[in-house]
Each structure stands twice: as C-alpha cells, then as structure tokens.
Amino acid sequence: MSQSSVAIIAGSQLADYHFGEEHAFGPLRHQAFLDGMDRLDLNCQVEWLQPVQCDVQHLRFFHNNDFIDMVKQRSESGVGFLDSGDTPARKGIFEAASTVVGSVLDLVDRIMSKQFRRGFAPIAGLHHGFRDHCSGFCVFNDCGIAIQYLRQQHHLQKVLYVDIDAHHGDGVFYNYESDSNLFIVDFHEDGRFLYPGTGDADEMGTGPAYGTKMNFPMPKRANDDDFARLWAEAEVFIQSVEPEFIILQCGADSMKGDPITDLEYSEKSYQLATESLCRIADEVCEGRLIALGGGGYNMENISLAWPVVVRAML
Ligand SMILES: [Zn+2]
C-alpha cells in the first residue's frame, strides 16, 4: 500500500477532454477541481497519478467497432457532431476520450493490486455513452468499460454502480438492465423535466435482474434533506448487495446553481453518499471504490463537490 490510500488521476491530457470554451462541458472543469483541492488543503494527503490513454481493445469491452471508427474519423477531421447535436467532434477528442477510459482502468488496476484503497478521476463518469452511439457530452462510457474490465480482467462479478449526477445514467442502466450481477442506484432529476428523460422509479431491472436496480427520480429543487431521506432507503439496499467493487459517479450538476439542471443539493449530499459508500466498501470489499467526476457545469460547484468527495474517501 502506498503512503496515501487514495489516488487521484489528473493532468493536461485528462483536462483535454472538453468541447471548447463556448460549450457547457468546457476546458475549465479540471482546474476548478484542482482549485478546490487547494482550498481544502488536500493535495498532500493523496497520491497524484498521470493520465494514461487506453488501447482500442479496451474500448471494445463496451463499444462496437463501427462506433469506435466513427469517433476516430470525426476526431481527425474535427468537423460536425458525434451525436445529434450536443457532443461536438472536436479535433483530438478520440485521444482525450481514450485517456478518460485509460485513466479509470489504471485506477481499477491499482486498487485491485492493493496499491491504493480508492481512486478518483475528475474528468470521467461519462454515463450517457451507449454501445453503438454517444450523447450528452459523453463519448466513450468509462463507467461501462470499467465494469466489463473488472469482470474480464479481474474476474469480479458483483459490481455496484451508484450515480448521483443530476442526469439519469442511461448508458450504464440500459446496457445492464437485464444483468443480475450489476447493481445500480441512480439519483437524478425526474426525467419529465431533464435530459435524458429516463430513470423512472418502476425501472428496477428486467427478467432475472428485476430488483437489482433502483432509480430515484428527484423533483425540481430537491435539496439535501430530500436526498438524505432517500439515501437512507438506498443504503439499506446497498448494504444487502455486498458488492465486490463500488463505482460512484458523483456529477456536480446536482448542486444548487448548476446552469443546466434544477436540483439544489449542497456538498453535504456528496459527503453523505461518499462516506456511506466508503463505510460499506470497507465492510464488504476491502474498501475498493472509485469515484468519477461526471457532470457539473458551474465551476464553483465543481470546486466544492469533488474535493469533498475526495476528503470523504480519505
Ligand atoms: Zn449530468
């Protein structure tokens, strides 16, 4: 075990995953996280790692070849969109998106080899990526790839995916809807009001997987009290799962003041969720947990929420 139990992957290659200054998913998000780490004085308590780009074979864990080729081609030209209009084909986005994935897989490897207990990647948690298409600022679904990687490379079965981003994690949810070993708890703004419009409470998994997923659609302006009340319910479920590994997507866009959502949590909700998950991870899976930054389009909120997640992981 290294000096710190928590590893953070950050650096310019990871910061390069963005869609330009005019776009909500802009280039300042990575620095906003670093500023927050400074402010909470956490820099010396964690181990900093450099980003790594993954191989194409790792993308194939979750995505099909046609989709991967399309991203590569449009990334070279830098023209148009990768989806119907939310996710621009910025030049070099293929390499940047592959770096998000490679960095998350590196954290997984280091946790599985017991070098670290937990890991955090600020620019990651791209939960709207599907097998054959992408949307919502997400190119390659690092969450889904990490799940497949845990299974194929590290031979784990039972993985828990928790998502508190304001948007429903549809790319993860629908890919594993009928998978009875992938447990999901997803808090998000009610799909009637916000993209992608999915994640009703009665979506609990299909076939043999029924009951392995929980969706918590939150009303507009839901706050820390609303979150805490429902988290208690989620926690009972999570405790019963006894996962072998926990992935937390902690999108900062559920914080009050986000420009594209309507939830009103403070950093307290991020702390509550992370502390609870770390406690459970310590009890049932040797502490193994990675947290992925996800969304968040208000820089002040990013600099509050994500460092609080890191602090709770320590
Ligand atoms: Zn989001």
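Helices (H or I, at least four residues) and strands (E, at least two) are DSSP runs, numbered from the N terminus. The model is predicted: local features need pLDDT of at least 70, side-chain atom pairs count only at pLDDT 80 or more, and totals for chains, interfaces and linings use all residues. Residues are numbered from 1 along each chain as its sequence is written, and side-chain values use heavy atoms, with hydrogens and water left out.

**View 1. E286 in the loop between helix 9 and strand 8 (289-292).** Phi of E286 is near 55°, a positive value in a residue other than glycine. With a relative accessible area of 45%, E286 is partly exposed; buried means under 20% relative accessible area, exposed over 50%, and partly exposed in between (1.4 Å probe, protein chains only).

**View 2. F137 in the loop between strand 3 (118-121) and helix 6 (142-152).** F137 is not a glycine, yet its phi is positive, at about 70°. F137 counts as buried, at 14% relative accessibility. Most residues other than glycine have a negative phi, and most peptide bonds are trans.

**View 3. The cis peptide bond from Y195 to P196.** Omega of this bond is near 0°. P196 is found in the loop between strand 5 (182-189) and strand 6 (213-218).

**View 4. The zinc ion and its donor residues D165, H167 and D253.** The ion is coordinated by D165 (OD), H167 (ND1) and D253 (OD), at 1.9 to 2.1 Å. Donors are N, O and S atoms within 2.8 Å of the metal (3.2 Å for Na, K and Ca); water is not among the atoms, so sites may look incomplete. The spacing of the donor residues in sequence is D-x1-H-x85-D. H167 counts as buried at 7% relative accessibility, and D253 is buried with a relative accessible area of 0%.

View 5. C134 is buried at 2% relative accessibility, and C250 is buried at 0%.
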